[in-house]
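Here is a protein to explore together, one neighbourhood at a time. Keep the picture open as you read, and look for each residue when it comes up.

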Amino acid sequence: MLILTAVVTVVLLLTGFPMMLPLLAAALMLLFLVLQMDNVGLLIGQMISGVQTWALAAVPLFIFAADIMTRGHTANRLLDLVQSFVGHLRGGLPITTAASCTLFGAVSGSTQATVVAMGGPMRPKLLEKGYSDKFSLALIINASDIALLIPPSIGLIIYGVVSGASIGDLFIAGILPGLLLLLLFSIYCWIASIRMGIEPEPKATWLYRWRALKKAALPLGFPLVVVGGIYGGIFSPTEAAAIAVLYAVVLEVVILRSVKVTELWDIALSTGLITAVVFILVAAGNAFTYTISFAGIPQAILNPIIADIGHSQVLVLSLIAVSFFIGCMFVDPIVVILILTPLFKPAVAAAGLDPVHVGIIVTLQAAIGSATPPFGCDIFTAMAIFRRPYFDVIRGTPPFIALLLLATIILILFPSISLWLPSLAN
């Protein structure tokens with residue numbers, strides 16, 4: 001029966017059904033065939049409870065704020081600021097792309113929004129400078145992954161809700177790992193530019209830099225308000241999301257006037273559609289997790305493995321990283337976080353691991369999966385935005401995926417990179 005359930009789930013997934021349908025089909029089959037129960041109301045109750053957590057209210061609010069800023073001038077102002085300071089370096093243009101993705105991640109919290117906002121203006125510049133399309137596309141979709149670690153991150157919010165870890169601590173813990181990724185990407189861009197023989201841009205004047213800084217001052221205030229407000233005790237992460245929307249509206253509608261009031265309805269509608277997809281996935285994932293846990297499937301699979309590796313923190317973290325990395329290659333990262341996080345909770349507690357550090361490792365794997373074949377969501381976003389075929393988009397990704405995996409190893413071996421800032425804040 002378990003094999004039949006797995007086969008049906010995979011077939012539904014491969015034939016193009018939305019992710020929530022294979023999850024619910026698997027949950028129903030387990031309920032009827034394995035558990036010999038016919039109480040469908042049990043699954044409905046689990047679906048409802050999965051989206052009742054107050055912290056999840058932050059998700060649509062941060063998405064709404066990101067959508068407003070994506071439509072406005074925020075992205076271009078951040079790009080101009082970064083390019084004015086690093087554009088003259090060897091590899092300055094791709095480094096600008098990676099750094100701008102990091103900064104915009106502090107505004108959007110979404111990898112896909114970052115692909116759209118940063119990829120649109122930067123890809124033509126990279127191609128004009130002489131960088132190959134293979135390199136440019138791979139850089140854009142992988143640098144956008146940094147957005148999932150830099151607060152406010154939707155991935156960190158979902159992990160915090162599922163694991164019970166402090167979302168505020170997760171936000172601040174993601175800053176240094178995000179900067180680590182930026183450093184690794186910048187080094188690779190510098191080396192790649194030397195190999196391609198691409199000369200740097202002229203150095204910007206300090207007057208130009210000052211003007212770019214003034215224009216970017218208000219967009220840069222967004223993460224300061226969100227993170228500073230949370231750790232200053234002014235508001236909770238969920239309240240911070242509401243403040244983020246207010247900040248975005250005042251900035252783009254009132255001050256910069258880049259978004260009209262009449263456009264807010266269309267932006268809100270887009271946010272509602274994205275939020276509906278996310279919440280349906282959360283609900284279906286919660287029902288699926290409850291069913292397989294009740295059936296004892298995860299325990300039967302994981303307990304022997306955990307018994308073999310003992311309570312070694314490095315080995316437990318490595319097992320978590322491998323499991324999430326493989327899962328996120330094939331399934332939406334949000335679903336993987338929803339399903340696997342509760343299953344590893346006993347192992348995390350037994351090994352004495354900090355849930356915040358585990359959350360950074362988990363979210364990093366979700367970020368890698370967003371740009372990793374075969375089903376990374378950023379790949380399909382890039383295909384739609386840049387109108388390029390699948391294999392053109394993924395051809396240049398292996399070096400960047402290797403860098404992301406290297407960052408995973410570094411974070412596993414040196415947990416203080418994740419935990420230092422939360423320890424200072426607390």
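This is a predicted model: local features need pLDDT of at least 70, side-chain atom pairs count only at pLDDT 80 or more; totals for chains, interfaces and linings use all residues.

Let's start with a term: a salt bridge is a side-chain nitrogen of Lys or Arg within 4 Å of a carboxyl oxygen of Asp or Glu. Side chains of opposite charge can pair when their charged atoms come close. Residues are numbered from 1 along each chain as its sequence is written, and side-chain values use heavy atoms, with hydrogens and water left out.

Helices here are DSSP runs (H or I, at least four residues), just as strands are (E, at least two), and they are numbered from the N terminus.

Is Arg123 buried or exposed? Arg123 counts as buried because its relative accessible area is 14%; buried means under 20%, exposed means over 50%, and partly exposed is in between (1.4 Å probe, protein chains only).

Now find Asp392. Asp392 forms a salt bridge with Arg388, and their closest N and O atoms are 2.7 Å apart. Asp392 is buried, at 19% relative accessibility, whereas Arg388 is partly exposed, at 29%. The side chain of Asp392 also meets that of Arg395 in a salt bridge, at 4.0 Å from N to O.

Ser136 counts as buried because its relative accessibility is 0%. Which residues does Ser136 touch, not counting those up to four places away in sequence? They are Leu126, Leu127 and Tyr131, where contact means heavy atoms within 4.5 Å.

Next come the rings. A pair of aromatic rings is described by the distance of the centres and the angle of the planes. Rings of Phe, Tyr and Trp (its six-membered ring) pair if their centres lie within 6.5 Å; planes under 30 degrees apart count as stacked, over 60 as edge-to-face and the rest as tilted. By this rule the count comes to 10 aromatic pairs. Phe135 and Tyr188 make a tilted pair, 6.3 Å centre to centre with 35 degrees between the planes. That pair connects distant parts of the chain: Phe135 is in helix α8 (residues 133-143) and Tyr188 in helix α11 (residues 175-196), 53 residues apart. Phe135 is buried at 5% relative accessible area, but Tyr188 is partly exposed at 21%.

Tyr188 has another partner, Phe400, and this pair is edge-to-face, with 5.1 Å between centres and 80 degrees between the planes. Phe400 counts as buried because its relative accessibility is 0%. Step back and you can see one aromatic cluster, formed by Tyr131, Phe135, Phe185, Tyr188 and Phe400.

Now for a loop. Gly87 sits in the loop between α5 (74-86) and α6 (92-108), and Gly87 is buried, with a relative accessible area of 5%. Gly87 and Lys203 are 116 residues apart in sequence, yet 7.0 Å apart in space, C-alpha to C-alpha. Leaving out residues up to four places away in sequence, Gly87 touches Val82, Gly92, Thr96 and Glu201.

Let's finish on the surface. There, Leu28, Phe32, Leu33, Val40, Ile44 and Ile48 form a nonpolar patch, with about 450 Å² of accessible area together. Patches are made of residues with over 30% relative accessible area and no salt bridge, joining like charges within 9 Å and nonpolar side chains (Val, Leu, Ile, Met, Phe, Trp, Tyr) within 5 Å. Accessible areas come from the Shrake-Rupley method with a 1.4 Å probe, and for residues, only the protein chains shown count as cover. Helices α2 (20-34) and α3 (40-50) each supply at least two residues of the nonpolar patch. Ile48, for one, is found in helix α3 and is partly exposed, with a relative accessible area of 45%.
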